[in-house]
Amino acid sequence: MKPLFFWNVFLLFFWWSPLLQGSDFDAERQKMLKEVQIDATETASYIGSSAFSPAVMAAMGKVERHRFVPADLVDQAYLNRPLPIGHGQTISQPYIVALMTDLMKVGAGDNVLEIGTGSGYQAAILAELAGSVYSIEIIEALGKEAENRLQLLGYRNVKTRVGDGYYGWPEAAPFDAIMVTAAASHVPPPLIQQLKPGGRIVIPLGTQFLTQFLMLVEKKQDGSVTTRQLLPVRFVPLTGGH
Ligand code: SAH
């Protein structure tokens with residue numbers, strides 16, 4: 001009897017421990033959502049809205065950011081801050097992820113493109129909302145790591161590739177929305193070409209040393225393009241030989 005009893009207790013412990021750990025992070029994630037909401041209210045005059053859509057907030061509440069940061073930074077995963085992910089790159093601040101996702105106005109079934117996979121966190125958020133997500137990363141080690149991570153987490157609707165995102169992903173085009181998560185000097189023409197009429201591009205424009213601005217680019221039904229400057233931001237630069 002006795003050994004069997006211990007075996008049961010042992011099994012029970014291992015069954016519960018991941019659940020207990022998960023619930024710890026749930027509380028931190030809720031706190032992060034509150035901070036994102038506060039930032040949204042504070043920047044309402046730039047954006048024209050004081051809250052992000054319930055669907056975007058639900059995705060932010062679901063995706064486990066601690067699975068996308070280096071092991072030694074897991075305890076900081078739910079701070080409303082960017083964090084280093086190696087190779088001189090960063091996972092964006094949660095507020096910025098929510099803001100850029102909200103601006104994309106992604107609907108179920110949409111086909112979206114992200115330039116700058118990084119950790120894969122933003123791709124996972126998009127995958128919660130879109131039909132299919134394509135994401136390009138220029139640093140091979142980061143791209144491969146993100147691909148494995150997204151596969152392990154079960155994101156079957158995300159495809160990643162290593163390459164220069166400036167040229168987009170023509171075989172998967174046209175896209176309903178495109179997000180660039182590194183600062184460029186101009187909107188890459190191939191991305192405008194690969195955008196559906198009625199589609200949107202969210203992109204930070206500017207250099208590393210001058211102020212960058214988050215821009216919303218819209219392609220009208222007649223193919224004409226409008227650009228709106230939203231708010232000052234700070235991103236790592238878009239690199240590549242283009
Ligand atoms: N979206 C990421 C954060 C991105 S940081 C996340 O959720 O973690 C910006 C990323 O863009 C970096 O990983 C950088 O290597 C990548 N990048 C820079 N220039 C690029 C280019 N031309 N094509 C594709 N990726 C690029």
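Which residue has a polar side-chain atom 2.9 Å from a nitrogen atom of the ligand? That's Glu114. This is a predicted model, where local features need pLDDT of at least 70, side-chain atom pairs count only at pLDDT 80 or more, and totals for chains, interfaces and linings use all residues. Residues are numbered from 1 along each chain as its sequence is written, and side-chain values use heavy atoms, with hydrogens and water left out.

On its own the ligand has 580 Å² of accessible area, and the protein covers 99% of that (Shrake-Rupley method, 1.4 Å probe).

**Who's around the ligand**

There are 26 residues around the ligand, where being near takes a heavy atom within 4 Å. Ser119, Glu137, Asp164, Gly165 and Thr239 come nearest. By type, this shell has 11 nonpolar, 12 polar and 3 charged residues, with Asp, Glu, Lys and Arg counted as charged, Gly among the polar ones, and Ala, Val, Leu, Ile, Met, Phe, Trp, Tyr, Cys and Pro as nonpolar.

Note on methods
A polar contact is a pair of N or O atoms within 3.5 Å; within protein, one must be able to donate a hydrogen and the other to accept it, and residues adjacent in sequence count only if both atoms are side-chain atoms.
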